Structure formats: structure tokens, C-alpha cells
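Here's a quick briefing to read with the model open next to you. Have a look at the structure first, then work through the notes below.

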Amino acid sequence: MKKSRLRFIAPIAVVTALALAGCSTSNLGGTADADPAAEAGPIKIGAVLDVTGVGASLGVPEQNTLTMLAKQLNADGGIDGRDVELTIIDNQSTEDGAAKATSKLIESDQVDLIIGASRTGPSLAMRPIAEAAKIPMISVAANVAIVEGSEWVFKTAQNDVVVLERILDDAEAKGYTKLALVRDATGFGEGVAEYITELGAERGITLVMTEAFEPSATDFTPQMTNVRGSDADAVIIWGINPSAGLAQKAYVQLSVNKPVYHSHGISNQAFFDAAGEAANGVVAPMGRLLVADQLAADNSQREVIEQFKADYNEAYGEQPSGFAGHAFDAWHIAVNAIEAAGTDAAALRDELEQAEFTGVSGVFAMTPENHSGLDASALILAEAEDGRWNLLKD
Amino acid sequence: MLTDFLQLTVAGLSQGSVYALLAVGLIAVYTVRHVINIAQGEFAMLAGLGSAWLVAAGMPLLLGVLVAILTVTLVAIAMERLIIARVKKLTPLTSIILTLGVSTLLQAIMLLAWGPEAKGVPLFPGTNVLIGGVSIRSQEFWMIGALVIVGGGIVLFYEKSRWGKALRACAEQPVAARIVGISPVTASILAFAIAGFVGGVAGVVASPIYLSLWSGGVLLGLKGFVAAVLGGFVSFRAAIVGALLLGMIEAYVAGYVSSGLRDGAAFLILILVLVVRPQGLVLKPTAVRV
């Protein structure tokens, strides 16, 4: 009997499992106070972060950082005597989750400012909602498309373009003329191939091959096999962890044997956890946080970085990552602007457009035209060795 | 060209071995209890995360891995005793709902216990091998070896041993099996123990290169499900062949077409099989249908 039974069950099982895959729900964020916003009430800051899902290695330290800083600020009396109420929502590393969370923060929590998201894709999904509602938003993700031409959106992670310039300068100096790119298939990797082609042309560098991977991918043999067969002199792997770390591991295990660059998307411990010994020799541009102990004594960022590292270590018993640094900068830029301009959205936006801040990710100087505020000087070049980063070039 | 093809084949076979072990677990439970175990993929993640945690806490690799596999086997038995065995009238639909509940519960426990970030067991001992430009990673030997030993062992167990024959009897002729004194309770416990054990093995051998994640079991279980469907949900051999094929097809699609279509390939195969050939790769139409 029962051939028909299997026929009947199988589709149900598939649908159920697919539904489950799509809607694993968990909200690790704080809960919101329904109190309607009043000028005298608490200042409300919302955050939308990739706490679970593929962006978890970014979102978790960012959540830790914001929670810690909010606690510190309120313990010191808040802003002008008003408490700061921080609401963090987990977008589960999805675009629709980010959009929903943004609408909720604006409509029911009535926040004064939004921080997030951790990655480019979700940040791009939030941008039109924040713009339509005219609420200032500070993303902690990288792709320049998040802020380009925007009136209301700012960001604190170093632009992908300056990261690429840094990589291409080094490649040119070492005499590489052909590059292969293995990139994240989501928003973070969008446009990277075009930038390499454009910026490479001035340096005599051509892009000979582009491969893509999903951030949830676990096997990178197909991509690395294709790269191994190409005539590239060096390879750029552009992604976040754990996928970028796994890609690096496959890269070494499949003996591609070409020099390899990574993006600033790997500046955390998760890279070493995923790649293991295969991380040795990787060169990547990143902020100064992970090499703070090797900076010149008079470096202007050194003090703020060391204070942040000490605070974070005390609160969570581990070292912060570069992503924690992006959240640190977003928080302070937001708080400084609210202190100066209050919570009126337009005034706050105008204040953010002239924000200057010496932070963890770099020395920010926002302008109405540049909502990212960082240039190539925010990046150093570091090389991985035995689970730590060595400063190559400041 | 040929090198690339072989390289992709190696990746597909090792990935397919993991799917095959999960399919074996699904079929073991289905043949005895008519339960489609949605939590099969969670068994793998639980073993992977558990052993990663034990090893990080200082336990030797081999011991940590064994403890994790045995724990997951016990979890599977507990699931059978506490939930499945207590249902008076078990239909496939209720079984899906129940095991879906277990799957969600296990995910929540893993998320709370080990956090949302992916973790991996250290690489197992061994060296990478380079044969004619095709590199085979040491862990891939472990993955394929796990299938050969564990998967092969279970096939032999079913076909040669008394207990295995008793399990098949329960599946084929439940009433007659009871008459000759085979306990359906023992058979059910044994089936879930096998499911937990192979799920655990799959989880620990895959963890060093694919990592383990609290939410990763769903997709993995689904791939095992596709392989089980290829085996008509009755044949271990057909399901193992199907799983290896599925792994290779995924690797070829990712390598030659686009890596974004990789997961789509599995579901396309699933739909095609269910529509065109619901008995899967099983050749003999006389094969036992349970």
C-alpha cells in the first residue's frame, strides 16, 4: 500500500520545512515602552541589527556595544537630564525584517533616530522608510549606495570604494595586473566588480574573473576551483564571516596558491574561528581597532580605541570587533548631535551633516555631500598571523 | 577542465555523504513508525555545536565528538519516549507537526545555549592530498568515510542481523511481527536511536568545514529529505545513491552555472521526482512499500 501516502505527505513536509526556514523567529532586542514621545520624556533611539542569521557575527557585538553605551550614558545622567531609551530589534539578517523593524520603530515606538542595519542589504531596505518618515538614520554597514544622494541617511563603516583603493594600491605596488574577485552575492558585494574595473583601469589592473557566494554558503569548492583555473595574479575575497573565513579555508585547502586580499568585512575573531590556520598571510584593509596596540603613541584614535576596548572587555569578557567599533561611532555621533540640536528631526539631520568625531573606525568629518565622513586615512593594511592582525602599513 | 570537473565531484561526494547520512536517519524512522522526522537536521547541528563546545572547553577532539554523538542519540530516544510514543493515533500529518515542534524546540535551545553565531569543530586529524591537480581535503575523507562505515554498517545491520531483520519485519508486516514476538516499542526506540546516531555523525564530520549553526538544520534536513524521497522513503541504497547524486549536481550547478542556484537544484529535483517518479530511484517496483 501507501505509495499514495508518501505522495500526500511529501509536499506537506516540504511546505512545512520551507515555512520553518523562512520564519524562524526570535527577537533578542529590548522591549519598547509604549509611552508616546514627549519633549520632556526620554529620548528614543531605535536600532535594527542583524543579531541572528548570516550577519550574526556583526550584529551581536553591535548589540552589545549599543546596550553598554546606553547604560553608561544613562548612568551619567542621560542627555540634558533626559534618559535615553534604546530599542534594539533583530532583523534576522533579512531585508524584509529590517523594513518591518524600521516601520515599527518609527510608527509605534516613535524613535528620534535609528541606528542600523549591520549589513548593506538590510540597510538599503531601511533607507526609503527612514527617508519617507524624515527620521535620521545611521547605518553601520559598508556599501556607499546606502548613503549616496540621501538627505536623511548616514553611515559609519568605511566605504567599500576606499577599501578597494587601498587593496588596489597595494596590488599595483606589488606588480599584480590581473585580479580575480570572489564576492558576497548580497548587497555588500554589489558593485564591487564594477569599482575594481573602474579603479583598476588607472592602475593597469584588470579584473579577469568574478565568482559569487551566498553569505549562508558552506562549500566554496566550485568558486575556488574556477579561481584556481584562472590566470589571475592575486585574488580578492569580499565577504563577511563566517562565509569569508570558510572561503579562505577552502582557498588554502584547494591549493589556489595566489596572494589573497580580503575586505574589512572580516575584521573580527569569527574570521580566525572559521578559517583557522588558513588565515595566515591574508592581507586586509581595516580600521585601527584590531591593531590598536601597534599604533604610534601619538595616533589621535589610540585613546578612544583603548578606552572602548577596556570598557567592552569589562562588560563582556572579550575583545570588541571592528563592527562593534562601527556601532560605537554611530552611537556617539548620534548622541553628540542630539546634545547639540535636540530631537527635532530636521535640526538633528542638519547637525549630523556637520558632525566631527574621532572614533574607533576613523576620524569622521560629515558634510551635506558626504554622509560617510571617512576617507582612506581611516584604513590601515594588516596581515593575519596565528590568530592576530599585524599592522603592515598605517 | 577535467581537473575542475573532478574537483567539483569530490566536493559533491563529500557534501552528498552528509545528505546520505541524514536520509538514512529519515528512512530508518519512517519505515518503522511512518514518522517524517523534521528534526533530523537539528540532530546534526546539535552534535556539531555540542562537540564544538566540548572541544573548546578542553575535551580531546575524539572524546568530545563521541560524547556529542551519544548525547544526540539519547536526545532522539528521549524524543521517541516522551513525545512520539505517547501519541495514541499517530498519522503522518500529526508526526510532521510533532517533529516540527521538536525541531523548533531544539533550535531555540541551541540559540539560547550557544548563541546565534556559527561554530566549528576543529579539523579532524589527517592531511590534504593532491592527486593530479585535484585536491582532496582531509575532512572530506572523514565525511565520505563516515558514510561508508556508518551508512554501510546500517545497511548491513538491516539486511544481515536479527535486530535489523526484526525492524524490517515491523515495517513490512507490523501485525505478524507482533505475533512472532517482536516488540514494536523496542523497534521504535531502535529506529530513533539510529536516526539520532547517524544525524550526530553527519553533524560532527561536516562541522569542521561547513560549521554548525542553530538554524542550519532546516536546510540540511531538507536536503536529506530530498535524498530520502529519491530512495522512495524505503530504500537505504537508493537514498544513498540519490544523496551522492544530489551533492554532485549541486556542486556542478554552483561551479558551471551559478552558485546562487545551488539550493534551487535540490528543490527542483524534489518537485520533478514527486511529479514524475514518486518511487524515486528504487528500481524494483516490488520493493517493500510501507
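**A helix under cover in chain A**

The buried residues of H7(A) are A:Thr221, A:Pro222, A:Gln223, A:Met224, A:Thr225, A:Asn226, A:Val227 and A:Arg228; buried here says that 20 or more other C-beta atoms lie within 10 Å of a residue's own, while exposed is 12 or fewer and partly exposed is in between, with C-beta atoms placed from the backbone. That's 8 of the 8 residues of the helix (221–228), so H7(A) is largely enclosed by the rest of the structure. This is a predicted model, where local features need pLDDT of at least 70 and side-chain atom pairs count only at pLDDT 80 or more, though totals for chains, interfaces and linings use all residues. Residues are numbered from 1 along each chain as its sequence is written, and chains are lettered from A and ligands numbered from 1 in the order in which they are written.

**What sits over H7(A)**

- From chain A, the cover includes strands E6 (178–184), E7 (206–213) and E8, along with helix H8.
- Element names come from DSSP runs, numbered from the N terminus: helices are H or I with at least four residues, strands are E with at least two.

- A:Gly116 and A:Ala117 are joined by a cis peptide bond, with omega at about 0°; A:Ala117 sits in the loop between strand E3 (113–116) and helix H4 (120–133).
- Another cis peptide bond links A:Asn241 to A:Pro242, with omega about 5°, and A:Pro242 belongs to the loop between strand E8 (234–238) and helix H8 (243–253).
- A:Asp80 isn't a glycine, yet its phi is positive, about 50°. You'll find A:Asp80 in the loop between helix H2 (56–75) and strand E2 (84–90), and A:Asp80 is exposed, with 9 other C-beta atoms within 10 Å.
- A:Ser93 also has a positive phi, about 60°, without being a glycine. A:Ser93 is in the loop between E2 and helix H3 (95–107) of chain A and is buried, with 26 other C-beta atoms within 10 Å.

**A:Trp152 and its surroundings**

- A:Trp152 lies in the loop between strands E4 (137–139) and E5 (153–155) of chain A, and with 22 other C-beta atoms within 10 Å it's buried.
- Setting aside neighbours within four places in sequence, A:Trp152 is in contact with A:Ala130, A:Glu131, A:Lys134, A:Ile135, A:Pro136, A:Met137 and A:Arg349; contact means C-beta atoms, placed from the backbone, within 7 Å.
- A:Trp152 and A:His371 are 219 residues apart in sequence, but their C-alpha atoms are 8.9 Å apart in space.

**Chain B overall**

- Chain B has 11 helices and 2 strands, running α-α-α-α-β-β-α-α-α-α-α-α-α along the sequence.
- Its radius of gyration is 19 Å, close to the 19 Å the globule rule gives for 290 residues, so chain B is as compact as a globular protein of that length. The radius is taken over C-alpha atoms, and the rule is 2.2 Å times the number of residues to the power 0.38.
- Along the principal axes, the C-alpha atoms of chain B fill a box of roughly 60 × 45 × 35 Å.
- Of its 290 residues, 56% count as buried.
- Among chain B contacts between residues at least 6 apart in sequence, 78% join residues at least 24 apart.

- The axes of H2 (residues 40–56) and H8 (residues 184–210) of chain B come within 7 Å and cross at roughly 55°. That makes H2(B) oblique to H8(B): under 35 degrees is roughly parallel, over 145 roughly antiparallel, 65 to 115 roughly perpendicular, and the rest oblique.
- By class, the contact of H2(B) with H8(B) has 10 nonpolar, 8 polar and no charged residues. Ala, Val, Leu, Ile, Met, Phe, Trp, Tyr, Cys and Pro count as nonpolar, Asp, Glu, Lys and Arg as charged, and the others, Gly among them, as polar.
- H2(B) and H4 (residues 92–114) of chain B pack at about 20°, with axes 10 Å apart, which makes H2(B) roughly parallel to H4(B).
- The residues of the H2(B)–H4(B) contact divide into 7 nonpolar, 2 polar and 1 charged.
- Axes are lines fitted to C-alpha atoms, for helices over the stretch in contact, with angles from 0 to 180 degrees between N-to-C directions.

Terms used
Two residues are in contact if their C-beta atoms, placed from the backbone, lie within 7 Å.
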